[in-house]
Amino acid sequence: MPVAGIRPGTPDQSADLVIRNAKVYTNDPRRPRATALAIRDGLISAVGDDADIVPVVGPATRVVDALGRRAVPGLNDAHLHVIRGGLNYVLELRWDGVPTLRQALAMLRVQAEATPPGQWVRVVGGWSADQFAERRLPTLDELDAAAPDTPVFVLHLYQSALLNRAALRAAGFTRDTPDPVGGQIVRGHDGEPTGLLIAAPGALLLYSTLAKAPTLDEADRTGSTRHFLRELNRFGLTSAIDAAGGFQSFPENYGTVMDLARRGELTLRIAYHLFPQTAGQELDDLNRWVTTVRPGDGDAWLRLNGAGENLTWAAADFENFTEPRPHLGAYESEFEKAVRLLMEHGWGFRLHASYDETIRRDLAVFEKLAAEGLFPHGNRWLFDHAETVSPDSLDRIAALGGAVSVQNRLSFQGEAFVARYGAPAAAEAPPVRAMLNRGLTVAGGTDATRVSSYNPWVALHWLVSGRAVSGRRLAAEHNRLSRAEALELYTLGGARLTGEEEVKGRLTVGSYADVAVLGADYFTVPEADIPHIESVLTVVGGRIVHGAQEHQGLAPELPAVTPSWSPVSRFGGYQATSAPSLTGVHQAERVAEAVAASDEQRAWRQARGLALPGQGGAPLDPCFS
Ligand SMILES: [Zn+2]
């Protein structure tokens with residue numbers, strides 16, 4: 001249906017979808033701005049002003065008026081546990097975005113009442129006590145009061161988990177349960193577990209406890225994944241690079257997402273990595289994979305991108321910043337075998353490493369293999385996290401052709417990091433500017449869903465402002481990015497990690513038609529409003545996968561969330577609040593201004609003998625209405 005100013009063109013070249021009247025940020029230096037995009041066969045077929053697009057609007061072209069809003073390339077989270085997150089999404093009560101503990105506990109109370117016997121209430125990451133106005137965790141008594149009979153498991157980052165009494169019973173923790181290696185079951189004077197579990201510093205205790213809760217059947221897992229991908233689309237996300245994770249075994253736990261890909265029902269492009277699950281048997285897994293599957297297997301929607309983020313368990317340095325940095329044992333010999341195997345078979349990898357102490361040891365192994373000509377061998381590889389990476393290590397990464405993927409874990413853990421390592425260390429954690437100055441490929445992401453929130457705008461806000469969710473400024477001035485730089489990390493950065501920079505991350509002719517039209521203009525809103533941005537129209541491969549506000553209803557409806565007691569059916573996912581420029585201090589100021597203005601107006605009108613507004617139907621003076 002043609003709209004004003006755009007007339008039908010010749011049918012053979014006509015577009016499937018046109019987005020017009022937009023402020024398009026193309027991220028293409030040759031044509032940085034445009035107002036219209038035409039899309040055909042899932043690719044961008046034209047970029048220009050509305051008038052330029054006229055010839056490709058045919059009788060069957062769907063034309064969407066963006067109402068002057070900002071359009072950007074679809075976002076790409078370069079480190080998201082999206083496949084595992086999808087399998088569990090509808091089971092979880094998400095505290096992402098919840099501004100007060102009071103509200104969080106109210107949600108918990110309602111959900112506990114709705115949860116059938118045998119099931120648990122799970123709050124699994126995406127929040128931290130720093131985001132609450134109360135600045136604290138719930139107490140165990142508060143959990144028991146909110147849920148006297150329903151097991152409740154609350155994960156706080158990878159630092160701790162809180163279990164109410166019913167969950168302690170359901171998980172079978174007693175005074176006789178021994179502490180696992182790297183974990184602590186906190187006990188009272190009577191020797192009984194209190195309900196507090198601590199990662200000291202390993203998180204295995206936390207997620208192995210979570211694994212005792214019932215999971216979903218296949219039909220519900222499918223629905224759960226679809227609803228999670230839509231939730232990501234809500235924020236303009238169109239791609240993610242999956243980082244696998246604990247209890248995410250290949251191929252067992254990939255069937256759901258592979259079936260969705262086969263049926264063309266993914267609404268997010270996913271590149272995934274393979275992560276050996278069992279300590280001591282990592283080489284068995286890697287050996288099996290390098291001989292049965294290959295990086296690049298799949299298609300533009302779902303494809304294998306290499307190994308990681310763990311290659312061997314012994315090399316993983318858990319990032320519980322409330323605990324001392326873990327001392328890793330001698331992991332190098334197994335680790336070298338793993339990396340050698342991958343390189344010899346043409347596999348790239350990603351590698352979890354939080355601390356420079358770990359990164360230096362990893363680099364020594366890579367340099368040894370480089371001396372044999374095995375590294376980088378044309379394979380893409382990268383470090384994940386790298387909060388405390390040193391300038392010297394960055395030089396070594398650059399020399400070996402590596403990349404870095406950074407996440408806003410300090411949005412949620414910034415207070416703990418500052419308490420242990422001090423503000424000067426936090427100012428460079430991670431040193432994003434130093435990475436960019438070396439010409440390294442840097443990609444942005446969240447590390448959701450069990451630590452950070454999956455909301456990309458919280459991560460973009462952290463990159464731009466350097467602030468944690470507590471409001472504390474962490475990053476040094478020089479280590480903050482411009483909005484365009486931050487967006488580059490979140491679009492082209494991820495595309496480079498999967499070798500897709502020619503087709504993703506820019507709005508150019510021939511690129512994938514992955515676009516987000518934003519409810520508020522990322523480039524001009526006050527900085528504090530950035531975490532409150534949502535997409536009003538998300539397009540992936542030319543398909544509308546999310547529509548809100550004026551574009552509500554443009555995306556096909558999904559089947560309802562199942563099971564019916566799911567927290568998602570009641571609360572949804574991220575709990576949006578109004579942007580600060582519209583609320584809080586600003587709103588109070590506006591009310592005060594409005595009151596002052598109306599008092600002034602009243603006095604002015606009275607002085608001139610004019611009727612006051614609302615009195616006797618006198619026409620309002622247009623200067624004051
Ligand atoms: Zn990691």
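I am working on a predicted model, in which local features need pLDDT of at least 70, side-chain atom pairs count only at pLDDT 80 or more, and totals for chains, interfaces and linings use all residues. Residues are numbered from 1 along each chain as its sequence is written, and side-chain values use heavy atoms, with hydrogens and water left out.

Glu387 is buried, at a relative accessible area of 1% (buried is under 20%, exposed over 50%, partly exposed in between, with a 1.4 Å probe and protein chains only). Neighbours within four places in sequence aside, I listed its contacts as Phe321, Ser354, Gln407, Arg409, Glu428, Ala429, Pro430 and Pro431; contact means heavy atoms within 4.5 Å.

**Zinc site.** I noted Glu309 (OE), His352 (ND1) and His385 (NE2) as the protein donors of the zinc ion, 1.7 to 2.2 Å from it. Donors are N, O and S atoms within 2.8 Å of the metal (3.2 Å for Na, K and Ca), and sites may look incomplete because water is not among the atoms. Along the chain the donors follow the spacing E-x42-H-x32-H. The pair of His352, in strand S17 (residues 349–353), and His385, in strand S18, links distant parts of the chain, 33 residues apart. His352 is buried at 5% relative accessible area, and His385 is buried at 1%.

**Cavities.** I counted 5 cavities of 30 Å³ or more. On a 1 Å grid over the protein atoms alone, a cavity is a set of points where a 1.4 Å probe fits but cannot get out; a pocket is an open set with protein on both sides within 12 Å along at least five of seven lines, and lining residues have an atom within 4 Å of a point. Points are joined across faces, edges and corners, and a volume is the space filled by probe spheres set on them.

The largest cavity has a volume of about 200 Å³. Of its 19 lining residues, His81, Tyr158, Glu309, Phe318 and His352 are the closest to its centre. By class I get 7 nonpolar, 6 polar and 6 charged residues there (Ala, Val, Leu, Ile, Met, Phe, Trp, Tyr, Cys and Pro count as nonpolar, Asp, Glu, Lys and Arg as charged, the others, Gly among them, as polar).

The second largest cavity holds about 90 Å³. Its lining includes Ala429 and Pro430, and by class has 10 nonpolar, 2 polar and no charged residues.

The largest pocket holds about 730 Å³. Of the 32 residues lining it, Val469, Ala528, Pro531, His532 and Pro580 are the closest to its centre. Helix H13 (409–421), helix H16 (456–465) and helix H19 (584–607) each supply at least two lining residues.

**Glu367.** I found Glu367 in helix H11 (residues 356–371), partly exposed at 31% relative accessibility. Beyond residues up to four places away in sequence, Glu367 touches Arg396 and Leu400.

**Confidence.** The protein averages a pLDDT of 92, and 91% of the residues score at least 70; pLDDT is the predictor's confidence in each residue, from 0 to 100. Over residues 1–7 the pLDDT is below 50, and over residues 611–625 it stays under 50. Where pLDDT is low, the predicted coordinates should not be read in detail.

How values were computed
Helices (H or I, at least four residues) and strands (E, at least two) are DSSP runs, numbered from the N terminus.
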